[in-house]
Amino acid sequence: MPPAAGRMSRTHRRHGDSALEARTDGDVSARSPPTVCADREELLRRFQLVRQASLEMCRPLAAEVFRLQPAEEVSPPWWNLGHTSWFFVRNVLMPFGGASDPEDAEFDHVLNSYYATFGERLARSRRGSLSRPTTAEIYEYRASVDRRIEALLKSIDEQQLDELEFRLAVGINHEQQHQELFYTEVKYILAQNAPRLRTPYLQLPGTEASLGEPGPLKFIEFAGGLLEFGHADSTWCWDNELPRHKYYLASFALADRLSTNREFLDFMEDGGYRRQLLWLDNGWRAAQEHGWQAPLYWERLDGQWWNWTLAGPRPLALDEPVCHVSFYEADAFARWWSENFASECTLRLPNEREWEHAARSIEQASEQRMAEQSFLNRDRLHPSSAAGHESLRQLFGVVWQWTSSYHEPYPGYRTFTGELAEYNGKFMDNQRVLRGGSCMTPRDHFRVTYRNFWPAATRFQFSGIRLARDLEA
């Protein structure tokens with residue numbers, strides 16, 4: 001059984017900011033069977049909404065795009081559709097005796113990602129080399145899984161409903177993570193074509209628009225002390241957000257907004273990619289090995305910088321937040337900015353507890369502000385210059401913000417038990433934490449305590465930069 005700290009009780013089920021909050025958009029919930037009790041109807045509706053969202057995301061794709069894998073970390077869309085269904089089979093249907101279709105065994109090896117508990121699995125780099133299961137077979141598999149989850153929800157006895165709810169929450173949040181991955185991976189896949197042969201994912205309005213000049217970078221001061229961090233209530237969360245714990249934080253200041261394309265362009269033009277002393281050694285090696293000269297998706301054509309977006313190429317919007325940079329680029333930029341604009345102090349990337357404390361400091365306004373900011377919006381699918389709280393702008397749902405923190409366990413950390421123990425704990429090794437969500441993150445998937453993590457050289461995610469500095473003691 002998963003640990004109680006990661007679960008929510010019936011009395012708290014309808015409260016909080018987890019992905020199990022009820023949503024009102026879409027019409028999938030209208031198909032919830034009237035014979036199911038209210039709690040079961042709610043669970044089914046949430047499940048159906050997330051599953052339908054994955055299908056809607058795939059509608060604009062040409063058949064060829066479903067099978068492509070241009071880089072090891074970029075899985076083809078067919079695999080994501082299948083893997084998220086496989087996850088429900090392994091972690092929901094099987095524990096309750098609902099895995100019986102032939103495809104459950106036939107696809108198991110292919111759709112397993114990294115769960116050693118479940119046996120042998122296909123190497124990640126080979127997901128784009130298979131002709132079977134076909135895309136049509138994957139869609140049929142998804143439909144089968146959905147039918148069986150619905151039947152399980154109808155038939156399970158009341159004593160097992162809490163456990164089923166927990167496992168469904170894990171599966172729903174897992175699929176929402178893959179929905180964010182879908183957009184980042186499709187963007188990368190489409191960008192591999194020759195510039196004249198590229199086609200956008202969608203024709204979208206507003207990707208060129210900026211909401212005004214951001215103004216000079218300012219720093220907002222925050223008092224330190226012995227503070228509490230981690231998920232605070234009984235709503236659902238990932239195990240790496242727990243336990244709630246105390247940590248001494250020195251006073252610090254956080255930039256009031258994200259760094260912009262204009263500012264990063266200044267870094268580039270001042271030799272930022274050529275000055276080795278700005279870089280960590282591993283970062284310099286990565287930049288040289290991969291030939292980094294600009295953020296991912298920037299291209300210089302006829303003397304002008306262009307940016308590839310999911311809506312196609314656009315002239316670089318200088319006042320938008322810089323995006324698709326690695327931790328190493330963000331760190332080098334912080335050193336450069338400190339050298340040029342902060343001679344009296346040293347600028348750096350914030351650590352994750354500084355970011356969380358700053359977010360908590362405006363927590364009373366956070367929910368309203370988070371609702372006003374980007375997160376996943378299919379009418380844009382691009383970072384905006386969204387405003388936000390009067391002191392801290394662009395804190396939520398614009399780009400994931402790199403921190404200096406490694407993805408490490410909190411004091412007293414316990415993984416989910418059983419096979420779900422592999423979800424986060426085994427990746428607490430050489431990964432950097434990002435905070436804040438992005439324009440690809442489903443709004444109801446995000447919490448202030450959410451800890452995203454990627455290797456430091458990752459660039460295909462919607463990741464950007466917020467600077468920080470120490471305060472005098």
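These legends describe close-up views of a predicted model.

**View 1. Confidence across the predicted protein.** The mean pLDDT (the predictor's confidence in each residue, from 0 to 100) is 87, and 87% of residues reach 70 or more. Over residues 1-36 the pLDDT is below 50, although this stretch has 86 contacts beyond near neighbours in sequence; contact means heavy atoms within 4.5 Å. Where pLDDT is low, the predicted coordinates should not be read in detail.

View 2. R432 belongs to β10, residues 432-435; strands (E, at least two residues) and helices (H or I, at least four) are DSSP runs numbered from the N terminus. R432 is buried, that is, under 20% relative accessible area with a 1.4 Å probe, protein chains only. R432 has no salt bridge, defined as a side-chain nitrogen of Lys or Arg within 4 Å of a carboxyl oxygen of Asp or Glu. The nearest side chain of opposite charge, D331, is 7.0 Å away. Leaving aside neighbours within four places in sequence, the contacts of R432 include F327, W402 and W454.

**View 3. Helix α9 and its packing.** Helix α9 covers residues 327-341 and reaches 21 Å from its first C-alpha to its last. Of its 15 residues, 11 are buried, among them F327, D331 and W336. The buried residues of α9 pack against α7 (261-269), α8 (281-290), β8 (347-348), β9 (400-406) and β10.

Residues are numbered from 1 along each chain as its sequence is written. Local features need pLDDT of at least 70, side-chain atom pairs count only at pLDDT 80 or more, and totals for chains, interfaces and linings use all residues, while side-chain values use heavy atoms, without hydrogens and water.

How values were computed: Buried means under 20% relative accessible area, exposed over 50%, partly exposed in between (1.4 Å probe, protein chains only). Lys and Arg count as positive and Asp and Glu as negative; His and the chain ends are not counted. The expected span of a helix is 1.5 Å times one less than its number of residues.
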